[in-house]
Amino acid sequence: MTPVSIDGAVTIPIAAMAGLIKQGLGDYIFDVIVAVIWVTALTTIIAKVVKPDVVNRSPFLSDLLYVSNAWFVTRMLGALFATLAFYKVGPEAAWADSTGGLVLFDLMPTLFAVFILAGLLMPLLLNFGLLEFIGVMLTKVMRPLFNLPGRSAVSSIASWLGDGSVGILMTSKQYEQKIFTKREAAIIGTNFSLVSITFTLVIISQVKLEHMFASFYLTVCVAGILAAIIVPRLPPLRNIPNTYIDGSEPTKDVEVIPAGKNLVGYGVEMAMERAAKAPSFGKLVSDGFKNAIEMLFAILPVVMAVGTIATMIAEFTPVFNWLGAPFVPLLELMQVPEAVAASKTMVVGFADMFVPSILAASIESDMTRFIIAALSVTQLIFMSEVGALLLGSKIPVTLTQLFIVFILRTLVTLPIIVLMANLFF
């Protein structure tokens, strides 16, 4: 998770290694992704119909394959959409480059590579004291500002510098291990899983303002931090129970520094206690493979299904135009040029974060394009990736809650972005 500079760009090693996996597999990566989605669908059908003993005897397989009816249908839809997009058959609306083709060929390869690496390497991150040390060092920052434990900073930094999916996967796994409560996991997943720095460059380039990247990224950071302070203090996130996955309540904050101990010394002490309890090498490898399989099987079909449906709604229906219409008076009040054209991009980002920038490319005003690009990043939740990842994980959020948080983040960050845009234009 340590930030490094590769080819002049700041990233994290796991993101760079994901790039090597994609490069190594080449076009075969799409065959592998479709095969994984189909294996998931077929094994889920077998488990639901036959209920074999091998699944019943294994808690891991039971948890992976015995899913609710809603998730069963989602996995089947994921297999269907992956097949249509891969072979370009059936209704074009399902496999077009802006719908199913976008999800399968543009988004899924990165997710596939990141899932494998994150799954295999996650036990190294969780079991040797890093989170405990960071937690103690940053608790005086994270608690007052975001009402989160200090260790959540690791997930946040991984998202900002690497990829939002890494942060979500880390958060979900720590939630399952009773490191984060339900509310904490939901707050981190919906407020800190930003796209990487490199992808923000793609966004600003799409609206032909790459020469303003420094101003753009400063705007994204300021608006994102303020949203992360404000939104968790509002419903629905505020109303999520502050209990662990099993319903138990936190007994005390393990990051509170006892009297007579200094910050660094206590951080090292907590880290060493955790490292002393680390599992054996064999258990680490076993847990890593289970993590990777769980991520691939449980989340890839969900991303394929939810992402395709969301982008189809955005591309072929006026739903998001209708939802964006109420923003026209607000944009006009803030004197944003071409307010009507800008309003059509306000909510469409819920389907896919890249769509607003595509629509904004035809807007003449540089300032309006800047605002739309920055807003599309700070809205954060988009169903073609982050939203689907959150729904497919164990983090306790619903589709309705995600949409409400999306709207809240839009309302909070839009005035901040407009204010900063007026400083730069």
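These questions and answers walk through helices, loops and single residues of a predicted model.

Residues are numbered from 1 along each chain as its sequence is written, and side-chain values use heavy atoms, with hydrogens and water left out. In this predicted model, local features need pLDDT of at least 70 and side-chain atom pairs count only at pLDDT 80 or more, while totals for chains, interfaces and linings use all residues.

Q: Where does helix H8 bend?
A: Helices here are DSSP runs (H or I, at least four residues), numbered from the N terminus. H8 covers residues 130–146 and spans only 20 Å between its end C-alpha atoms, whereas a straight helix of 17 residues would span 24 Å. The expected span is 1.5 Å times one less than the number of residues. The bend, an angle between axes fitted to the seven residues ending at a residue and the seven starting there, is about 70° and sits at Leu138.

Q: Which residue takes a positive phi just after H8?
A: H8 runs over residues 130–146. Just after H8, a phi of about 55° belongs to Asn147.

Q: Which residues of H8 are buried?
A: Buried means under 20% relative accessible area, exposed over 50%, and partly exposed in between (1.4 Å probe, protein chains only). In H8, the buried residues are Leu131, Glu132, Gly135, Val136, Thr139, Met142 and Phe146.

Q: How many of the 13 residues of H20 are buried?
A: H20 covers residues 366–378. From first C-alpha to last, H20 reaches 19 Å, close to the 18 Å expected at 1.5 Å a residue. Its buried residues include Met367, Arg369, Phe370 and Thr378. H20 is largely enclosed by the rest of the structure, because the number of its buried residues is 12 of the 13.

Q: Is Thr99 buried or exposed?
A: Thr99 lies in the loop between helix H6 (92–95) and helix H7 (100–126). Its relative accessibility is 0%, so Thr99 counts as buried.

Q: How are H2 and H7 oriented to each other?
A: Axes are lines fitted to C-alpha atoms, for helices over the stretch in contact, and angles run from 0 to 180 degrees between N-to-C directions. The axes of H2 (residues 28–49) and H7 come within 10 Å and cross at roughly 80°. Among the residues making the contact are Phe30 and Ile33 of H2, and Phe105 and Met108 of H7. Angles under 35 degrees count as roughly parallel, over 145 as roughly antiparallel, 65 to 115 as roughly perpendicular and the rest as oblique; H2 and H7 are therefore roughly perpendicular.

Q: How far apart are the axes of H5 and H15?
A: H5 (residues 69–87) and H15 (residues 281–316) pack at an angle of about 70°. They are therefore roughly perpendicular to each other. Trp71, Gly78 and Phe81 are among the H5 residues in this packing, which meets H15 residues including Phe297, Pro301 and Ile309. The axes are 7 Å apart.

Q: What distance separates the C-alpha atoms of Gly224 and Arg409?
A: Gly224 is found in helix H13 (residues 213–230). At 3% relative accessibility, Gly224 counts as buried. Leaving aside neighbours within four places in sequence, Gly224 is in contact with Thr378 and Arg409. Gly224 and Arg409 are 185 residues apart along the chain, yet their C-alpha atoms are separated by 8.6 Å.

Q: Which residues does a cis peptide bond join?
A: One of them, Pro236, is found in the loop between H13 and helix H14 (263–276). Omega is about 5°, and the bond joins Pro235 and Pro236.

Q: Is Lys208 buried or exposed?
A: Lys208 lies in the loop between helix H12 (197–206) and H13. Its phi is positive, about 60°, although Lys208 is not a glycine. At 59% relative accessibility, Lys208 counts as exposed.

Definitions and conventions:
Helix = DSSP H or I, 4+ residues; strand = E, 2+ residues; numbered from the N terminus. Contact = heavy atoms within 4.5 Å.
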